[in-house]
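Please read them with the structure open.

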Amino acid sequence: MAAETSAGTRRLRVLHIGKYYPPHWGGIESYTESLCLALQDRVDFEVLVANDGRVDCDEKLGGVHVQRLATWLKLASAPICPGLAWRIRKTPADIVHLHHPNPFAVLAYLASGHPGKLVISYHSDIVRQKILGAFFMPILGIALRRASAIIATSRQYVDSSAVLRKYSARCVVIPLSIDPRRFEERDEGEVSRIRERFGPRLLLAVGRLVSYKGFGYLIEAMSRVNGRLLLIGDGPLRQELETLVLVRGLRDRVSFLSNVSDLRPYYQAADVFVLPSITRAEAFGIVQLEAMACGVPVVNTALATGVQFVSPDGLTGMTVPPGDSAALAGAINRLVDDRGLCDRLGSAGRQRVFREFSLGDTARRTLDLYARVARG
């Protein structure tokens, strides 16, 4: 039963459906967790996600009820959880908040017959699985038409998405966000150890080692950069990227790190942050916000998504064409060679995060949207 407010009225009940939830690492996962923690004193949340194994697991994390469902297989990187439709059907939630792309979750929601209102956070088009995406599109259309609201992370993504343009009237732009105050905490000892270990002119990239991230182009760029790249993350391309480093003779310029529990000292030790993504699967790039909150300038790519909305060229960093190693190297060199430029862009980035991408503002706007949807 949902808790009641001090005035005796029942609190809103919201069910989040995503692929995974922290400690599973990812931008959508961290966004979902941050939103639930920020609003849990106003909203009763449940979270339904996939587990890594073939067992169910129910737990409370920071006061949020998280149900991790048994995953029996993966299809095109999407977890298939046979119990998902039944779990959705039995929840008493007033609003189902579904995070897309997640084709199986969309199917499970439609099969569940849940009577509550639907909100969809549309994080990205289906980009890589074109054949599967074409078959799935009519089903996604049913869900989008049923949704009371579709949350997009930027107006740029709405305008550039062939899918979202059809439903722009029900799209509400609420950017992803972070709590920038977390990044004001600084462990000077750890920052110093990172710099002593890896040296000056330190570059940082963070993300899953998958094709759309464009890390291969960044590694190629390092042959023209006098600096050290720390690439934090793991994924299916790990061995391929490590081989590229060896073939190009860049072992003294590129280091791979994984299982990093706290990214903050790495952001704070870095001179430049790089997001070299090459397709519109990179819809936003929340890691840019984390770097900007630490006063680090960003080099990103000119994608027709929200990437440049987060860090605009010439304001908080530099933007180059996607898939262009020479341009990446040129932008990185310009920044690491000009400390004053780095400081100016980094300071502007930090101010932009506090002004435009604060978790408190995102939470308030999402709560307002929930209230409007609940009222019909």
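The points below go from the whole chain to single residues.

1. Overall form. This is a predicted model, and its chain has 14 helices and 16 strands. The radius of gyration is 21 Å, close to the 21 Å that the globule rule gives for 376 residues, so the chain is as compact as a globular protein of that length. Along the principal axes, the C-alpha trace spans about 60 × 45 × 40 Å.

2. Burial and surface. Of the 376 residues, 55% count as buried. The accessible surface comes to about 16,500 Å², and carbon and sulfur atoms account for 51% of that area. Among contacts with a separation of 6 or more, 66% are between residues 24 or more positions apart.

3. In soluble globular proteins, nonpolar side chains tend to be buried together. Here the largest nonpolar core has 57 residues, and Leu-204, Tyr-267 and Phe-273 touch the most other members. Helix H10 (residues 286–293) gives the most to this core, with 6 residues. Apart from this core lies another, of 35 residues, including Ala-85, Ile-150, Ala-152 and Cys-171.

4. Tyr-267. What does Tyr-267 contact beyond its neighbours within four places in sequence? The list is Phe-183, Leu-204, Val-206, Phe-273, Val-287, Glu-290, Ala-291, Cys-294 and Val-296. Two of these partners, Leu-204 and Phe-273, are named with Tyr-267 as the core members that touch the most others.

5. Cis peptide bonds. Most residues other than glycine have a negative phi, and most peptide bonds are trans. The bond joining Pro-22 and Pro-23 is cis, with omega about 15 degrees; Pro-23 lies in the loop between strand E1 (12–17) and helix H1 (27–39). The bond from His-100 to Pro-101 is also cis, with omega near 20 degrees. Pro-101 sits in the loop between strand E7 (95–100) and helix H3 (103–112). Please look at both bonds in the model.

6. Positive phi. Arg-201 is not glycine, yet its phi is positive, near 55 degrees. Arg-201 belongs to the loop between helix H6 (188–198) and strand E11 (202–206), and it is partly exposed, with a relative accessible area of 22%. Asn-259 likewise has a positive phi near 55 degrees, in the loop between strand E13 (254–257) and helix H9 (264–269). Is Asn-259 buried or exposed? At 80% relative accessibility, Asn-259 counts as exposed, because the cut-off for that class is over 50%.

7. Arg-280. This residue is in the loop between strand E14 (272–274) and H10. Its side chain makes a polar contact with the side chain of Ser-160 at 3.2 Å and reaches the backbone oxygen of Ala-304 at 3.1 Å. Not counting residues up to four places away in sequence, Arg-280 touches Ser-124, Asp-125, Val-127, Tyr-157, Ser-160, Ser-161, Ala-304 and Thr-305.

8. Arg-334. Arg-334 is part of helix H12 (residues 325–336). With a relative accessible area of 52%, Arg-334 is exposed. Leaving aside neighbours within four places in sequence, it is in contact with Met-318 and Leu-341. Between Arg-334 and Met-292 there are 18 Å, C-alpha to C-alpha, and the two are 42 residues apart in sequence.

Methods. Residues numbered from 1 in each chain as written. Predicted model: local features only at pLDDT ≥ 70, side-chain atom pairs only at ≥ 80, totals over all residues. Heavy atoms only, no water. Core = buried A, V, L, I, M, F, W, Y, C linked by side-chain atoms within 4.5 Å. Buried < 20%, exposed > 50% of the residue type's maximum accessible area, 1.4 Å probe, protein only. Helix = DSSP H or I, 4+ residues; strand = E, 2+ residues; numbered from the N terminus. Contact = heavy atoms within 4.5 Å. Polar contact = N/O pair within 3.5 Å; in protein donor to acceptor, adjacent residues only side chain to side chain. Rg over C-alpha atoms; globule rule 2.2 N^0.38 Å. Areas by Shrake-Rupley, 256 points an atom, 1.4 Å probe, with all protein chains shown as cover.
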